[in-house]
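Hi there,

Here is the structure I promised to pass on to you. Have a look at it first, then read my notes below.

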Amino acid sequence: MINRRQWLYGVGAIAGAAAQPGGVPPPNAKQPEQAHPYPLNLSDFVPTSMLQVGQTRVERARFPVIDFHTHITTSANSQSGVALNSERKFLGTAEELLPVMDRKNVRAMVNLTGGYDQGLGETIAQYDRAFVGRFYSFTEPCYERWKEPTYPRVQAEAVEQAYRQGARGLKILKTLGLYLRENITSGELVKIDDPRFDPMWDACGQLNLPVAIHVSDPLAFFTPTDRFNERYEELNHHPDWSFYGRDFPSNAELLAARNRVIARHPRTQFVVLHVGNFAENLANVAENLDRFPNMSVDIAARIGELGRQPRTARRFFETYQDRILFGTDATPHGDQFPQQVFNDQLYEIYYRFLETEDEYFDYAPAKIPPQGRWRIYGINLPETILRKVYSENAARQLKVAS
Ligand SMILES: [Zn+2]
C-alpha cells in the first residue's frame, strides 16, 4: 500500500509537473528513479515471467512421429523468390539429422523442398534411398520453364518423372501467388488458380501424390509494419516477408484462388500447410475443411498461433483429428528463424504443446518470441488423437504403414 503523501508525490512528479508553473524540473536535475520511467527499446525488453506454474519436459514424443514438413534441401539458385535451376543446397547431412530424430522419436522426416530433375535425384539418393523409411522427399514445380508455350504439359510430365524418381508428393511454396511473375521474375504476378497449372494438379491426383501447398502467410504480413502490427519485430527482422502494398493480392484473394484449385481438382489431395495458412482464424479453416473432403492441414510453424487459443485449438483437433498432420518446418541450421530451427528443443516444444496442460510457455527456442510477443498453453490431446496427428494421418498421405 502506498500512503497519501507518496501518492501525491507520484502524481505530481509524473502528471502534474508540466501543468504547474515553475514545477518543470531543469533538464539535468536528478530525480528519484521511481518517479521517472525511462523509455526502453523494444529489442532490449526481455521480461522474465514471475508466474510459477508446473513445467513439463517432454523429451520424446509419446508415439513415433512423422514430421511432414521439413526443409533438408533447398534451391541453390533463386532470384526474387523463384528457383532458377534444379541445383540443390544440402542443409544438413542424414548422419547429423538421424541422432536428433532418434532422441526425439521422429520416425521419418518429409523433406518438402526436394526440387526437380537432377537436384531431386541427388536428394533422393542421399536421403530417401540411403536411409529407407527415414526420409521422404517431395518434388517442386520447374518454374524456369514457365514461359515455354507447352509448360502445362511439360510440368505434368515433370511430376510423372519425379514420381518415377521416387518423389512422394508435390510441394508448392508461396512462390505461387506471391513471387512467380509472367516473365518469371518480372511482369504480373501469376495467380494460384492459373489454368496453366491444371494438368499438374491432375497429374498429382492420377499418381496419388499429395500436394503440400503453402499459400499466403500470416495476416499481419499483409498489414503495415508499424506499431499496431503484432508481428512488428518479425517483419522488422525480415522486411522481405511483408506483402503489404505494391501489387500484392490480399490474403483473402490468395485463399480464394487456392480454394478454387482445391474445388476444381477433387481427385487430388491437398495438404494445406501452416494450418491452412489461416491459424489466426480456425473457424475459416474449419469451414474449408468442411467444404473440401480432399483438404488436410499441417501445424508447422503455427503452434504460436494454436497455443494462444488453446480451447479453440483443442476443439479444432477433436473435430478434424483425421486431417491434421504433425509438421515443424524444421530447417537444419536455420538459426535466423528460431521457430523452425532443427534441434531437440524445437521438438520438445511441439510435444509439450500437444501432450501437456502446461501454461504460458515459449513457442520457440528463443529469448524473444520470434513471431509475436505472446506465450502459449498446452492442449493435452488424448492418445487416440495424438497417434493420428503424430503419424497415422501422414502415413496415409505417404502411402506407408503407420
Ligand atoms: Zn516450410
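**The zinc site and the pockets**

Along the sequence, the residues that donate to the zinc ion follow the spacing H-x1-H-x257-D. His 71 sits in the loop between strand E1 (65-70) and strand E2 (73-75), and Asp 329 in the loop between strand E12 (324-325) and helix H13 (344-355), so this pair ties together parts that are 258 residues apart in sequence. (Helices, H or I, are DSSP runs of at least four residues and strands, E, of at least two, numbered from the N terminus.)

Please keep in mind that this is a predicted model, where local features need pLDDT of at least 70 and side-chain atom pairs pLDDT 80 or more, while totals for chains, interfaces and linings use all residues. Residues are numbered from 1 along each chain as its sequence is written, and side-chain values use heavy atoms, without hydrogens and water.

Both His 71 and Asp 329 are buried, meaning under 20% relative accessible area with a 1.4 Å probe, protein chains only.

Now to the largest pocket: 49 residues line it, and Thr 74, Leu 173, Lys 174, Trp 241 and Phe 337 lie nearest its centre. (A pocket is an open set of points on a 1 Å grid over the protein atoms alone, where a 1.4 Å probe fits, with protein on both sides within 12 Å along at least five of seven lines; lining residues have an atom within 4 Å of a point.) E2 gives the most to this lining, with three residues.

The second largest pocket is lined by 15 residues, among them Ser 49 and Arg 375.

Enjoy exploring!

Key
Donors are N, O and S atoms within 2.8 Å of the metal (3.2 Å for Na, K and Ca); water is not among the atoms, so sites may look incomplete. Buried means under 20% relative accessible area, exposed over 50%, partly exposed in between (1.4 Å probe, protein chains only).
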